[in-house]
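This briefing covers a sheet and the helices beside it. Look at the structure first, then read the points by topic.

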Amino acid sequence: ASAAARSHIAASWHRSVLKHGLDPNETRAPERMEEHRLRERREEADRFLMVAAPRLDRLFHLVGQSGCAVLLTNAAGVVLDQRMSDSDAPAFEAWGLCAGTDWSEAREGTNGIGTCLTERRRIIIHQGEHFFARNTGMSCIDAPIYGSDGTIVGALDVSSAKADQTEAFNRLIAAQVSNTARAIEEASFRAGYERARIVVADRDGTDTACLLAVDDDDIVIGATREARRVFGLAVSGPIVARPAADILG
C-alpha cells in the first residue's frame, strides 16, 4: 500500500487505476483523432512546430538508425509531429505512436508522454513499466517542454518498440532528449521575444533553459520557467516588469 509513496511508477499506476479507471488488460487501440482535428491542433501550435522542426530532425539523425521514433506532442498529449524511418513506420503506427494519437495518462495510463506531462519531469518508461499490457513491448524516453510564459506546452518523446532495448541505452538517449527539449524551449522563447534582448543566465548544474527577455529600457519583460525559479519570479503567466539590474544584481 505504501509503494506509491516510494515509486513514481507505482504512483502513476495508482492514478491509472483509481483516478482514470483504466484496466491494464484493456485491448482497445489508442485513440487517433480525425485529420481535420489534427490539422486544427497543428495550426494552433504553428510557431512551436516551426521552431521545433529542425531540432527534431537533428535528434532523429542521432537515434533513427537504432529503430527509434521521435515524437512531439502538445500539452494534452496529442502527437503533433513525428520522425521515423519508412521501414519502422508500420510498426510504430500499429502501436499508435504516430501523429494524431492521444497519449495522455488519462487515456493510456502510465506511458512516457502522458506521465511526463502529468508529473512535469523527465522520465523513462521501460517496457513492463507501461500500464497497458499491449504497450509493454515499447520503451519511451520523454522530457517536458515549457513555453515562453512558463506553462508546459508539450513533451518530446523518443520511443522504441525493439524487444532488445536496454535500460542503459535508454539512459544514453535520455541525455539527447533533454538537450533537444532545452534547445526547443530556448528557440521558442527567443521567437516569442524576437524584439527583445535575451540574457542567458545559466547556472551550474542545470540543464534547463535559464533566459531573460529585456526591452530597450533594461526592463525584464519575460523569463523562462527555470529563470522564474532561479530569480523568484511568477511561476507562470505574465511577470511583473522589473529593472534587469534589480534581478541580476
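The four strands of an open sheet follow the order S6-S7-S8-S9, and their pairing is antiparallel. Strand S6 (197–200) and strand S9 (242–243) each have a single partner strand and stand at the edges, so one side of each has no neighbour in the sheet. The model is a predicted one.

**Pairing in the sheet**

- Strands of a sheet pair through backbone hydrogen bonds, and the pairing can be parallel or antiparallel.
- S6 and S7 run antiparallel and are joined by four bridges.
- Val 200 has Leu 211, in S7, as its bridge partner.
- Strand S7 (residues 211–214) pairs with strand S8 (residues 219–223) in the antiparallel sense, over three bridges.
- Val 214 has Val 220, in S8, as its bridge partner.
- The hairpin of S7 and S8 has four residues between the strands, and Asp 218 in this hairpin takes a positive phi near 60°.

**The two faces of S7**

- In a regular strand the side chains alternate between the two faces of the sheet.
- Leu 211 and Ala 213 lie on one side of S7, while Leu 212 and Val 214 lie on the other.
- These four residues are all buried, and both faces of S7 are covered.

**Helix H8 against the sheet**

- Helix H8 (residues 167–192) lies across S6, S7 and S8.
- H8 runs at about 10° to S7.

**Helix H8 against helix H4**

- Two packed helices are described by the angle between their axes and the distance between the axes.
- Helix H4 (residues 46–63) packs with H8 at an angle of about 155°, and their axes are 9 Å apart.
- Angles over 145 degrees count as roughly antiparallel, and H4 and H8 are therefore roughly antiparallel to each other.
- The crossing in which H4 passes H8 is right-handed.
- On the H4 side, the residues making the contact include Phe 48, Val 51, Leu 56 and Leu 59.
- On the H8 side, they include Ile 173, Val 177, Ala 183 and Ile 184.
- The contact of H4 with H8 has 13 nonpolar, four polar and two charged residues.

Conventions: Residues are numbered from 1 along each chain as its sequence is written. This is a predicted model: local features need pLDDT of at least 70, side-chain atom pairs count only at pLDDT 80 or more; totals for chains, interfaces and linings use all residues. Side-chain values use heavy atoms; hydrogens and water are left out. Two strands pair if DSSP finds at least two bridges between them. Contact means heavy atoms within 4.5 Å. Axes are lines fitted to C-alpha atoms, for helices over the stretch in contact, and angles run from 0 to 180 degrees between N-to-C directions. Buried means under 20% relative accessible area, exposed over 50%, partly exposed in between (1.4 Å probe, protein chains only). Angles under 35 degrees count as roughly parallel, over 145 as roughly antiparallel, 65 to 115 as roughly perpendicular and the rest as oblique. A crossing is left-handed if the near helix is turned anticlockwise from the far one by less than a right angle, and right-handed if clockwise. Ala, Val, Leu, Ile, Met, Phe, Trp, Tyr, Cys and Pro count as nonpolar, Asp, Glu, Lys and Arg as charged, and the others, Gly among them, as polar.
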